[in-house]
Amino acid sequence: MAHKYRILCLSALLVLVAASHVVADEDADGVVVETEDDETYESPTIDPKKVYLAEHFDDEAAFKKKWVVSEAKKQGVDEDIAKYDGKWEIQAPSRHILKNDLGLVLTTEAKHAAISALLNKPFEFKDKPLVVQYEVTMQEGQNCGGAYIKLLSRGTNTVGDLRRFHDQTPYTIMFGPDKCGNDNKLHFIFRHQNPKNGTIEEKHSKKPTQRLDDIYKDKEPHLYTLIVRPDNTFTVLVDNKEANAGSLLEDFTPPVNPPEEIDDPDDRKPEDWDEREKIVDPTAVKPEDWDETEPAQILDPNAMKPDGWLDNEPETIPDPEAKKPDDWDEEMDGSWEAPLIDNPRCAEAPGCGEWRPPAIPNPKYKGPWRAPLISNPNYRGRWAPRRIPNPHYFRDDHPFRMTPVHAVGFELWSMSPMLLFDNLIITDDVGVAEEWARTTYALKRAKITSDSESVVERALKWAGANPWVWAALIVVSFVIVGSVAYCCCGPKPQDIDADIKKTDAMTEADPHSDEDEPEDRPEEKPERPGKAGLEEPEPDTTDTTPPAETEGAGDAPRKRKPRNRLTMWTLLFFSCVLCLHIEARPNIILFIADDLGWNDVGFHGSNQVPTPNIDALAAAGLSLHNYYVTPICTPSRASLMTGKYAIHTGMQHTVIFGSEPRGLPLSEKLLPQYLKELGYSTHLVGKWHLGSYKREYLPMSRGFDSHLGFWTGKIDLYDHTNEEKGSWGTDFRRGYEVAYDLYGRYATDIYTDEAVKIINSHNRTSPLFLMVSHSAVHSGNPAEPLRAPDRVVDNLTHIQHYQRRKFAAMLTKMDESIGEVVRALQARGLLENSIVMFSTDNGGPADGFNDNAASNYPLRGVKNTLWEGGVRGAGLVFSPLLERPARVARQRVHIVDWLPTLLNAAGYDVSTIPGLDGLDQWAALSRDCESRRTTLVHNIDDEFASAAITVGKWKLHKGTNYNGNWDGWYGPSGREGAYDVASLATSPAGQAITQLGLLPDIQKILQLREEATVQCSGAVTPCRPLEAPCLFDIEADPCELNNLADSEPGILLGLLQELERVNRTAVPPNNKPLDPRGDPKHWGWTYTNFGDFDLDNFYSRYQF
């Protein structure tokens, strides 16, 4: 790890810290402030002639005379919640900063509140700029609500008008922060009057260039400044830093001036207009020898049965050593049969059972004949309506000339109480506003900085103000490192003396020797006398021959000292290099389970289905306790790949079918495409389900280097066929080609082998992205929906429900597969620098839903519902790179978050990706920090008339699916029996993790499992979402038992408004009718990318 190589750098930093005994505090504006324990504060004063309003909120009596609380009612809402009954008070901040400093506080939550004041004089938009500035402190953070200010237009002139202030009161400008969930805004809206017809239209500024997440959760004061100039330019500052800027004419939506020309709404495309660039050659004729009946593959006629093949031996046999349990009850448990084991005779033979020749490509196969395409002689290009003058066109070159401002007010609704406003000023002089901030906001920031700085931070600030410190630090660092290197690798005096004195004879004084050395020092004998000292005459010490450049001649032995110095400086160089060591990009391994329920994994408390490999990863990593997915396959996979909610990609309604001519829009850039830019090798094994009717929608066209698996939503796990919507056909591909050779092999085993092969052949000079998207535990074809090897099913006889037992066998095979892949990663040395993520794609189909037998206990609902059982997913993250592993992670995470989270961990700058709904959660998960996510859009499906959203702790249900028939609670609980905790350490994944020293002990594992188990109790308060929306406190009531809609009408209204706002951002679903041309029966009983072939002539060849 990189931290191992930074010890020397840290030691140097300690030298700097020790030197920093005097520190001055300086704020961003250069104001030096003494950091006393109790900062004295005086209310600012200002010449009233320089301002239109200056309010510090420190004088409660003056405040009550000037500011008026609204007595109006909000328009268009129920009578019982329409009142502006939010409470405003003058209070000291809950966090003491400056003594005697007060502010205006909105103390209530989930209530409408409005307060306003008249300006000292109206502001006229003529030849001077408008400057609006105020502070906001969100003392308890903000989940959903605004803190913006309104500059009220001419007509609000009296105290009576202020008492009637409400949401429809005309305003000229609205400015300030607003947040709900992950949608953060910094409003600058002005109302523009059409000079042609006098109508008013809101103009919204472009989004800020600065990220503003922290202002909603750091609970500190922030300064907001708006400057609008007569030249039609504007600037928005947050904490004196530019967050937005531009032109009133160019940077607003809709634009001030409409286009001069528009498309003619009455123009129609001529019936004979031909937009087809290519057409089928009408003169082409199918060759007489073209045989469309030949199959794509045939049995190899030259194949020979291998010698020693055991035709009469079964692949499995009853275990001869098995014994019937003593407590086996034939009446209760049925006839006892020994479990099956692999036939030992088959291990020594080429194979067992009936031998069949392998399939090979048919040399006579030609497939359906299709006429070639030729250029269309009638092609006229893409038709577009003609352009005509816009009858509503006008030109306003001076939008700054807005309606005069007579008053200012706050008209707000917030789910978080204790919003504090302070130091409001409206002026026409930027310098006046800056001076006001220096005497108010700057003092607060300096005090906060002083209180929060550590010794190291103070030292770094001091060094920044005194650049000579850095030069001293470099010198001291080199001295420290050089001393250590010299001590380790420097010359040894006895060795040098031995080299100089090779004989017992007298020598001339060495001019390099120490002049103070005593003459009577005993002569030292050489450790190994040479021949010159034993057999030959004494050498002539007066030889004047220049020293040779070889050892053993003259003074040549002294050449060793420069080599020692070279070693020392080499060590010093590499020490500095290691301080700058950069970690390699992590390998990213995604395991996706299909239709797995919350209660189907052992780490959530179930004892019924053994999942030791998955549980080991959860115990050593992070068990995601508040992890959410979408309610069904295609939307979840689209969200994972794009980092966007399904409502923003058109994928929110049901799934993609094999003969449906659509896919995840090509305008979307996918996770593997981003990773390819970072040099990753990218591979998909298993399910795709994001569109396959054209090649350009397929995995290898969208960022994956390889794909082995299927394109549609499900398959039979043995014959790899899919039956859906009246169609049936094979769906298993290696790249773009049908993998007929894998027919009959269990799909989970195929995925295991392919994943291990990819790992073993991976070139470690590039990072690896491997996504293993399992078929399990999705049901297959209706005739036998749940399939697993009989020997696995027979080992789970403690599960009485037969379909549940087969479901458990499918899950067991998937768990074993995950273990083998993790073992392969460790064997190749890849696991230590890997991020391993496991996730279901949606909640489980329980109690026979979709012919399946999952369990979401104790959560409510099933797959494709918006109850917790449909959207709260089983998930985990394991990685040696986690700073705080082995815990239950309670951070709120949505499947859209994985794209920015994984990209950030890989070193990608996710701030450059526009339009993401996902949030980078790597720091929150790795360090156990607060989650950045407060809002979850579970889904909005207008086709089903169902929607759900969570903001903070509140979850709203509006409508439901399946007419409410799957709105209950479904087991089994799986709490019977004992949990085999010892199996975690012996599982392949557990063994690999143990080799890294990361698997917790048994007591810790059991503790984590207890923490991750959801417990619910209490009476059920009826919820009928088809009749009225329902509201739940999802933190206290994760099982959605107690409907609070009647007792919390304000919260309910706020969430309904937020849901409506989010829905306005949705794009329409892109579902298409099934295309009969995509039926597998027309393509050799195989699902294919039918849209890439000649379809113009299709209906002439097939009758429907």
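Mentor: Helices (H or I, at least four residues) and strands (E, at least two) are DSSP runs, numbered from the N terminus. The model is predicted, so local features need pLDDT of at least 70, side-chain atom pairs count only at pLDDT 80 or more, and totals for chains, interfaces and linings use all residues. Residues are numbered from 1 along each chain as its sequence is written, and side-chain values use heavy atoms, with hydrogens and water left out.

Trainee: OK. How many bridges join β37 to β38, and in which sense do they run?

Mentor: There are 4 bridges between β37 and strand β38 (residues 875–878), and the two run antiparallel. Val 836 sits opposite Phe 878 of β38.

Trainee: Is β37 enclosed or open to the outside?

Mentor: Largely enclosed by the rest of the structure, because 7 of the 7 residues of β37 (residues 834–840) are buried. Buried means under 20% relative accessible area, exposed over 50%, partly exposed in between, with a 1.4 Å probe and protein chains only.

Trainee: Which way do the side chains of β37 point?

Mentor: In a regular strand the side chains alternate between the two faces of the sheet. Here Ser 834, Val 836, Phe 838 and Thr 840 point one way. Ile 835, Met 837 and Ser 839 point the other way. All of them are buried.

Trainee: New topic. What is the strand order in the sheet with β40?

Mentor: β40-β41-β42-β43, an open sheet of 4 strands with antiparallel pairing. β40 (935–941) and β43 (1030–1033) are the edges, each with a single partner strand, so one side of each has no neighbour in the sheet. Neighbouring strands are turned by 10° against each other on average, direction ignored.

Trainee: How many bridges hold β42 and β43?

Mentor: β42 (residues 954–958) pairs with β43 over 4 bridges, antiparallel. Lys 955 has Phe 1032 of β43 as its bridge partner.

Trainee: Which helix lies across those strands?

Mentor: Helix α24 (residues 1049–1063). It lies across β40, β41 (946–951), β42 and β43, at about 65° to β42. Axes are lines fitted to C-alpha atoms, for helices over the stretch in contact (heavy atoms within 4.5 Å). Angles run from 0 to 180 degrees between N-to-C directions.

Trainee: Now disulfides. How many are there?

Mentor: The structure holds 3. A disulfide is a pair of cysteine sulfur atoms within 2.5 Å.

Trainee: What does Cys 1016 join to?

Mentor: Cys 1039, with S to S at 1.8 Å. The pair links distant parts of the chain, 23 residues apart. Cys 1016 is in the loop between α23 (1002–1012) and β43, and Cys 1039 in the loop between β43 and α24. The torsion about the S-S bond is 75°, and the link is right-handed. Cys 1016 is partly exposed at 31% relative accessible area, whereas Cys 1039 is buried at 1%.

Trainee: And what about Cys 1023 and Cys 1030?

Mentor: They are joined too, with S to S at 2.0 Å. The torsion about the S-S bond is about 105°, so this disulfide is right-handed. Cys 1023 is buried at 10% relative accessible area, and Cys 1030 is buried at 0%.

Trainee: What handedness does the link of Cys 346 and Cys 352 have?

Mentor: Left-handed, with -120° about the S-S bond. The S to S distance is 1.9 Å. Both Cys 346 and Cys 352 are buried.

Trainee: Where does Asp 716 lie?

Mentor: In the loop between β31 (706–710) and β32 (721–724). Asp 716 is buried, with a relative accessible area of 5%. Leaving out residues up to four places away in sequence, Asp 716 touches Thr 721, Asn 781, Glu 784 and Arg 787.

Terms used. Pairing = 2+ DSSP bridges.
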